[in-house]
Amino acid sequence: MTATGARAPKRGLVAKAAAPVLSQGITAGTSLVLQVLAARTLGLAEFGSFVLLQALLVTAIALYTGWVGDSLAVLDRHEPRTRASIVTSALAGWMLCFAAAIGTALLLRDGEPATALAFGMMVVLRLAAETVRRLLMARLQFWRLVGNDIVHVTGTVLAIAPAAVAGVSLPALFLSMAVGAAAAVCVGVVQLPAAELRRLRAGTAGLPAVMSFAAWRSLQAALRPAALLGSRALVALLVSTAAVGMLEAGRLVVAPLQVVINGAGSFLLSNFVAKTRQDAVAAQRLVHRATWLLITGTGVGGVALTLLANPLGTLLTGQAVDPLLVLGWVAYLMVWAAGLPHVTEVVARRMSRHIFFVRLADSALGIVLVAVVTVLSGSVIAVPWLMACGGIYSAWHVRRLAIRSRREARTA
């Protein structure tokens with residue numbers, strides 16, 4: 001094989017992943033703009049509160065998309081009982097997340113009803129928007145997904161513009177996010193074919209079958225954001241909400257790398273489902289190429305961002321960021337990137353329960369280390385480094401699971 005021929009599959013993989021990565025970039029870019037606006041206008045302590053509520057939102061989305069979104073992609077969503085059970089799951093998720101959002105915001109903000117109501121409404125609309133996004137992903141219509149995300153960001157920016165002039169507040173930020181999500185849902189109804197939107201009736205007859213896949217997948221998908229939420233909550237409790245803001249400032253510098261990794265994950269799951277049904281060898285080639293591309297890209301990009309930590313931190317948050325903190329987030333993302341292709345391969349083979357226990361050990365180790373070191377030092381610089389420690393075990397163990405699943409697929 002020629003050198004050109006050897007490089008062709010990688011170029012093809014990058015080209016196919018361009019739309020989902022761009023989609024994730026638009027979504028993350030919207031979040032980044034809002035976080036930068038919050039960091040520069042709210043003050044470090046109130047920005048820390050915003051970060052904690054955002055972390056709760058990310059965890060809720062992970063739980064919801066792990067259950068509802070991945071069920072749409074992996075299970076037969078057109079089978080009547082499965083379809084009805086997914087509808088029931090979505091409605092239940094909206095109600096539970098609304099209640100959790102209201103309660104958490106009231107507790108964190110000392111009973112501010114405006115912030116709590118705006119946050120709760122925004123969470124429900126974001127979950128509805130994620131349902132549309134996951135349907136487009138399941139249909140492999142990633143360029144339509146990009147269009148949907150453009151509407152989302154446009155609606156959010158137009159809604160926040162008056163508040164940016166008059167004075168930014170937490171309720172204004174959450175309401176602008178709600179407007180953007182509502183716009184994306186409306187456009188998504190037009191983008192999707194009628195077959196995806198008819199017969200949306202609730203039912204529980206197929207719920208056990210959906211739960212056998214979705215329960216473990218949902219818990220597994222939420223472990224990483226929940227661990228980050230837990231580490232931030234520990235920093236807020238043991239140090240201050242201002243320290244949470246400082247920790248988030250370091251993560252904002254490496255946000256572009258996280259965009260690429262998240263986009264790759266969306267692309268890989270849908271494609272692994274298709275390839276494992278057709279050709280296990282093709283799925284194995286895909287995981288090898290994706291692993292090396294993600295590790296290399298994250299490492300090279302991470303070094304560049306670390307070197308620019310101070311000017312980027314000043315630009316994004318109004319103050320310099322410690323390069324060692326940024327490098328810690330790079331290490332965390334590299335470990336994540338190393339394990340992600342194997343995770344999606346195993347999930348495509350419906351082995352979510354195995355992934356859950358691996359990730360549970362990973363998250364527990366990271367949180368325990370963060371608690372111990374934060375109590376002893378009172379510093380946040382070590383937090384991402386400590387969270388990466390558990391991830392090393394996770395990446396190694398999930399790779400073993402992926403190899404085992406391939407053997408079982410060949411003998412089945």
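Predicted model: local features only at pLDDT ≥ 70, side-chain atom pairs only at ≥ 80, totals over all residues.
## Overall architecture

The chain holds 15 helices and zero strands. Of its 412 residues, 53% count as buried, and the accessible surface comes to about 17200 Å², with 70% of that area belonging to carbon and sulfur atoms. Among contacts between residues at least 6 apart in sequence, 82% join residues that are at least 24 apart.

## Helix H4

Helix H4 covers residues 113-138, and because 26 residues at 1.5 Å a residue should span 38 Å, the separation of 38 Å between its end C-alpha atoms agrees with expectation. H4 is mostly covered, with 20 of its 26 residues buried. After the helix comes leucine 140, whose phi is positive, near 60°.

## Salt bridges

Side chains of opposite charge can pair when their charged atoms come close. Seven salt bridges are found in the whole structure. One of them joins arginine 134 to aspartate 70, with the closest N and O atoms 3.5 Å apart; this pair links distant parts of the chain, since arginine 134 lies in helix H4 and aspartate 70 in helix H2 (residues 44-74), 64 residues apart. Arginine 134 is buried at a relative accessible area of 18%, and aspartate 70 is buried at 2%.

A second pair, glutamate 196 and arginine 77, meets at 2.9 Å, N to O. Glutamate 196 is in helix H7 (residues 194-197) and arginine 77 is in the loop between H2 and helix H3 (80-108), so that the pair links parts of the chain 119 residues apart. Both residues are buried, and Arg77, Arg139 and Glu196 are linked in a network of salt bridges.

Within helix H9 (residues 241-253), arginine 251 and glutamate 248 lie three residues apart, about one turn of the helix, and form a salt bridge whose closest N and O atoms are 2.7 Å apart. Arginine 251 is buried, with a relative accessible area of 11%, and glutamate 248 also counts as buried, at 2%.

## Cysteines

The count of disulfides, taken as pairs of cysteine sulfur atoms within 2.5 Å, comes to zero. Cysteine 97 counts as buried at 16% relative accessibility, whereas cysteine 389 is partly exposed, with a relative accessible area of 38%.

## Nonpolar surface patch

Leu237, Leu238, Val239, Val368, Val372, Val375 and Leu376 make a nonpolar surface patch of about 680 Å². Helix H8 (207-238) and helix H14 (352-377) are the elements that each give two or more residues to this patch. The largest share, four residues, comes from H14, the helix in which valine 368 is found.

Key
Residues numbered from 1 in each chain as written. Heavy atoms only, no water. Patch = residues over 30% accessible without salt bridge, like charges linked within 9 Å, V, L, I, M, F, W, Y side chains within 5 Å. Areas by Shrake-Rupley, 256 points an atom, 1.4 Å probe, with all protein chains shown as cover. Salt bridge = Lys/Arg side-chain N within 4 Å of Asp/Glu carboxyl O. Buried < 20%, exposed > 50% of the residue type's maximum accessible area, 1.4 Å probe, protein only. Expected span 1.5 Å × (residues − 1). Contact = heavy atoms within 4.5 Å.
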